[in-house]
Amino acid sequence: RNARARGMATAADGKSKRHSKPPREQQPDEGTPHSLTSATNDSLLEIDGSVMEGGGQILRITIAASCILRQSVRVTKIRAGRDKPGLRPQHLSGIQLVSQLCGGRLAGDHTGSSEVTFDPGLLVGGEFTADTHTAGSVCLLQQVALPCLLYASKSSRVILRGGTNADMAPPIDYMREVFQPMAAKFGVQVKCQLKRRGFYPKGGGEVIIETQPVTHLTPVTLVDPGTVTRVRIHSFAAGVVPLEVARGMASAAQSYVRKQLQGVAVEVTEVRETAAQACGNGSGIIAIAETTTGCLFGESANGERGVPSEETGKNVGKGLVKALRSGGCVDDYLQDQVVIFMALAKGKSAIRTGPLTLHTSTAIHIAQLITKANFTVRNVEGCTPASRCQWTE
């Protein structure tokens, strides 16, 4: 399919509206990226949190872009597309962290809230802590905070506490091994240190994020997937979970990948996490593929009670191979995460993907509404119908 979007949606869309807001003491614009301006910062932008994918991603992109551009926003119908709509602990902790980063003002920030209003202040940087007090994903906290930290006036150090390997969220291993190298292509300077893993239901994990400010982000062109040069598989077990579980996952993933990608080197590590390295009981696996053009693809899973470790590992192997055969330069989990960086970068980016996920289409929609960046999505000529590769620019 071909999709083309230009400009900003209007109130007639039923998806965004602007309202006048009370005057606020004027502050300098050091925290606004040089390549972007918010011509409407004297009004309140309303975002419908139920559109398209209807999940927490809409809130994260909205609040992050709002903070960077100093555009006041109101997000309504938050996570309306979920079984438990409204703010969950990890969403609440994330937007409160962003508010701390810039000395902003939040209204409606409580668990279960379906509407929040955010009036951002000036990004400064420094040392901060965010704690979900649950197994809520610290990686989702990182997603909302990292873009903001890049435009602070000084370096920052942020401690994130909660779940590091949560369901329905990228694990910390993916963020460090796949997302972080990709973000570096945009000029993002970030260090992500895993101090302790945390699992459902207690959480208790801890990650430290250290960032350096940027004057602007660099546009990225990633259009050649290249060929696979190496696959790395890492599995772990913690608490009462025996190491044999990690070995079973890794062995099954390795076996599948070697059959499908003959001649490609596959490296495997299996680790037993100590009590100091993990809080609670859990296991997991990640498989990462590297290509000749610097592309990275990842697939991961948590161990589940009642599911054989071999089945979990094989499914991870299948997922990785599927991603490699999509024809894109990024996997489905990275697609939506790069959208805000493409929107903020000073210049034109172009990234080849497989078929866009609903998460990615939603991210593009929201990024366009707030940043005014123009995105074009089109089919790649000569791409096989099975993979339906697309450009996103």
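Predicted model: local features only at pLDDT ≥ 70, side-chain atom pairs only at ≥ 80, totals over all residues.
## A lined cavity and a mixed sheet

The residues lining the largest cavity divide into eight nonpolar, four polar and two charged.

The structure holds seven cavities of 30 Å³ or more, and the largest has a volume of about 170 Å³. Its lining is made of 14 residues, with Ile61, Gln143, Asp336, Gln337 and Ile340 lying nearest the centre. Where does the lining come from? Helix 1 (56–69), helix 3, helix 4 (172–185) and helix 8 (339–344) each supply at least two residues.

Five strands form an open sheet in the order 7-8-10-9-14, with mixed pairing. Strand 7 and strand 14 (278–279) stand at the edges with a single partner strand each, so one side of each has no neighbour in the sheet. Strand 7 (residues 126–131) and strand 8 (residues 156–162) run parallel and are joined by six bridges. Two positions let you see how residues of these strands face each other:

| Residue | Stands opposite, in strand 8 |
|---|---|
| Threonine 129 | Isoleucine 159 |
| Alanine 130 | Leucine 160 |

In a regular strand, side chains alternate between the two faces of the sheet.

Helix 3 lies across strand 7, strand 8, strand 9 (190–198) and strand 10 (205–211), and runs at about 160 degrees to strand 8. Together, strand 7, helix 3 (residues 138–150) and strand 8 make a right-handed β-α-β unit. Helix 3 also supplies at least two residues of the lining of the largest cavity.

Terms used. Residues numbered from 1 in each chain as written. Heavy atoms only, no water. Pairing = 2+ DSSP bridges. Helix = DSSP H or I, 4+ residues; strand = E, 2+ residues; numbered from the N terminus. Right-handed = clockwise from strand over helix to strand, strands pointing away. 1 Å grid on protein atoms, 1.4 Å probe; cavity = no way out; pocket = protein on both sides within 12 Å on 5 of 7 lines; lining within 4 Å. Points joined across faces, edges and corners; volume = space filled by probe spheres on them. Nonpolar A, V, L, I, M, F, W, Y, C, P; charged D, E, K, R; others polar. Contact = heavy atoms within 4.5 Å. Axes fitted to C-alpha atoms, helices over the stretch in contact; angles between N-to-C directions.
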